[in-house]
Amino acid sequence: MPTLLLRGAQVPGGEVRDVLLDPDSGLVAQVAPPGALPPASDELDLSGWLLLPAGAEPHAHLDKALTWDLTGAPAGDLLAAIDAWRAYAVRVTEDDVFRRAKATADELCANGVTAIRTHVDLLTAGGDPLRSLRALLRLRRQLRGRVRLQIAVLHVDAPEELLHEALDLGADLLGDCPHLSTDPSESVRRTLRIAAEHHVGVDLHADETLDPGAGDLRLLARAVREQGFALGVTASHCVSLGTVAPDEAARTAKEVAAAGIGVVTLPLTNLYLQGRARTSCTPRGLTAVRALLDAGVPVAAGGDNVRDPFNPVGRADPLETASLLVTAGHLTPGEALHAVTAGARAVLGLPAAGPYEGAVADLLAVRARSVSEVLGASCPERLVFAGGRLVSRTSVVRELF
């Protein structure tokens, strides 16, 4: 395929550069001052655009997406959302999951996402328990070349033979919810053992509670060290870490860093679900992001649920997630953007992307002048590049009379 030259883009750091993309290698071939590169057969003028690494969504639930209006779920906490979803899930079909998941993945891509990790439930009631997984495996094939899709099996104390079957079918990671298990410690150990047998990573829903005594994250860090698991470990949510004293949060963060665990914070859903019993001084429901960053833990941020029983809103937009991290997590705009781009790719185990020579040519161009504008304004006009190819363009016509 011919190279693609992006002219006059503002790159991170504020410089204006011409950026040459090579679709054959999928990498950024050259970055140079304006006018320094010879003409290419395919060029785009990005004057007035900010060129960033593409977003990565490290924690989605594509199998549940877009079901809020279908489930009739009342506003409530995590357990109420779980009950609402389970009541609806008996009617879920493979085609239904595929259709909703594809619509959400397309929305994510149009907003700048070129890599997604989605969790998928094992549906032990209402038919084939692997029907949602089969739908997402179909979607993974269809998205190839535009969006890289990782699939993590989500369950609570599922039969071991079913977990083996799901991984044999083609799931990329094994998930778990220790805080909902009858034996959290055994649940973590079993998950690591089965994942090791299949040579896949793990991604746990950990400590999705404001209870400061919750211990999933510490159990996981200890088990990873004891079992010598080295295939990639992610802990998502980790809400309770944000409720403990600073010295305890710092100690746990150091244990997590030593175990090589990446953490995904999920502001949109956790702000919605957590703290409903507190009618004043409601806690924010986020993990201890600053303590984790200070300890050197890889931190990513995700959108989690998109308009389903766990969250009736959500735009499938990594920039919305980053904006919430500034507001609710007190990160700088640059730190928040990193959490949904480079940080998210690191947690997903993907090579670095961005407008840098030799990097993966997964890029997001936004018509804006600064990172604060990108996160603070809607900035709907976007160009998305995957592997050096333009895969999505959003244009806006605004008329004021």
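I take buried as under 20% relative accessible area and exposed as over 50%. The model I am reading is predicted.

**Helix α8**

I started with α8, residues 246-258. I noted 13 residues in this helix. From first C-alpha to last, α8 reaches 18 Å, close to the 18 Å expected at 1.5 Å a residue.

Which residues of α8 are buried? I found A249, T252, A253 and V256. I then looked down the axis of α8. The buried residues fall within an arc of 105°, so they line one face of the helix.

Next I checked the face of α8 turned away from the buried side. K254 and A258 sit there, and they are exposed.

What do the buried residues of α8 pack against? I listed three elements: α7 (216-227), β12 (261-265) and α10 (289-294). I also looked past the end of the helix. G260 follows α8 and has a positive phi, near 75°.

**The sheet**

I traced the strand order next. The sheet is open and has eight strands, ordered β6-β7-β8-β9-β10-β11-β12-β13, with parallel pairing. Its edge strands are β6 (55-60) and β13 (299-301), each of which pairs on one side only. I recorded an average twist of 25° from one strand to the next.

β10 (residues 201-206) and β11 (residues 233-237) run parallel, and five bridges join them. Within this pair, D203 stands opposite T234 of β11.

Which helix packs on the sheet and touches both β6 and β13? I found α12, residues 333-340. The direction of α12 makes about 85° with that of β13.

**Cysteines**

I turned to the sulfurs. A disulfide is a covalent bond between the sulfur atoms of two cysteines. I used a cut-off of 2.5 Å between the sulfur atoms. How many disulfides does that give? The count is zero.

C109 is buried, at 1% relative accessible area.

C238 is in no disulfide, and the nearest cysteine sulfur, in C177, is 12 Å away. C238 counts as buried too, because its relative accessibility is 0%.

Note on methods
Residues numbered from 1 in each chain as written. Predicted model: local features only at pLDDT ≥ 70, side-chain atom pairs only at ≥ 80, totals over all residues. Heavy atoms only, no water. Buried < 20%, exposed > 50% of the residue type's maximum accessible area, 1.4 Å probe, protein only. Helix = DSSP H or I, 4+ residues; strand = E, 2+ residues; numbered from the N terminus. Expected span 1.5 Å × (residues − 1). Arc of directions from axis to C-beta. Contact = heavy atoms within 4.5 Å. Pairing = 2+ DSSP bridges. Axes fitted to C-alpha atoms, helices over the stretch in contact; angles between N-to-C directions.
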